[in-house]
Amino acid sequence: MTLLDARARTGAVARINPVAKLGASALIAIPLVLTLDWLSAAVALALELVLIPFAGLGWREFWVRTWPVWLAAPLTGLTIALYGEASGTVYVDWFVVHVSDGSLQLALATMLRVLAIALPSVVLFVTVDPTDLADGLAQVVHLPARFVLGALAGLRMVGLFLDDWRALELARRARGVADRGRLRRFLGMAFALLVLSIRRGAKLATAMEARGFGAPVRRTWARESRFGGREWTLMAIGLAIALTAVAASVVFGTWNFILGPSS
């Protein structure tokens, strides 16, 4: 565990049930997915940035965790600005590139929406332990134990991918086949990793079945998953952010339901 991980696990959100974190993220994301306007996403993002410091993350840790989101959001907006549907005044019209008022507004809305949906998810899930999440899904949400345990086992195996990739790279280098042809080497290693993952998954499934993890009986759990006041408070905060964003969008006439006619 790194120093950043250790600090994150002592923050205000570290002791909250992962199910509540998942629910709060969903409450924020669903309304923003249903509309494509800049105002609702901007309001949600502003409220999130005000609340993020209270999550217990240091600013250095926050940037380390979220820099892929800050990088991906402008790139997504740039793509929409260049290739989005043209409407209003057209500024650039060359081949497949169409930059217009409509594409720029859509790009801004998309960029803000990516930030508003991704940032709280990253911040809330920094401290989530897979086992705690599995306990919550089984005991609070009452998902089937077989599904939860299988997903937990698979998630635990994800961390081995990087070690397997490094081992494959060292093995190929020792054989003298990793000096040239980066694309060919990457494709070969990716296929080898896929085969290794399938074999490991088959062995894991057999081992879990032999130990009775797939038995159709009611399971007991080593740790109790509690859902109390802190969890309901976090869910209420997520709902308040979503309702505020939707209300602002509706009041100012920018609400644009993606399944309905464009406003």
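Angles under 35 degrees count as roughly parallel, those over 145 as roughly antiparallel, those from 65 to 115 as roughly perpendicular, and the rest as oblique. In this predicted model, local features need pLDDT of at least 70, and side-chain atom pairs count only at pLDDT 80 or more. Residues are numbered from 1 along each chain as its sequence is written.

Helix α2 (residues 18-34) packs with helix α10 (residues 229-251) at an angle of about 5°, the axes being 8 Å apart; α2 and α10 are therefore roughly parallel to each other. Helices here are DSSP runs (H or I, at least four residues), numbered from the N terminus, and axes are lines fitted to C-alpha atoms over the stretch in contact, with angles running from 0 to 180 degrees between N-to-C directions. Among the residues of α2 that meet α10 are Ala24, Leu27 and Ile28, and the α10 residues include Leu234, Gly238 and Val246 (contact means heavy atoms within 4.5 Å).

The structure holds 6 aromatic pairs (ring centres of Phe, Tyr or Trp, the last by its six-membered ring, within 6.5 Å; planes under 30 degrees apart count as stacked, over 60 as edge-to-face and the rest as tilted). The rings of tryptophan 63 and tryptophan 70 have centres 5.5 Å apart and planes at 45°, so this pair is tilted. Tryptophan 63, at 45% relative accessibility, counts as partly exposed (buried is under 20%, exposed over 50%, partly exposed in between, with a 1.4 Å probe and protein chains only). Tryptophan 70 is likewise partly exposed, at 27%. Trp63 and Trp70 belong to one aromatic cluster with Trp59 and Phe62.

Definitions and conventions
Side-chain values use heavy atoms; hydrogens and water are left out. Helices (H or I, at least four residues) and strands (E, at least two) are DSSP runs, numbered from the N terminus.
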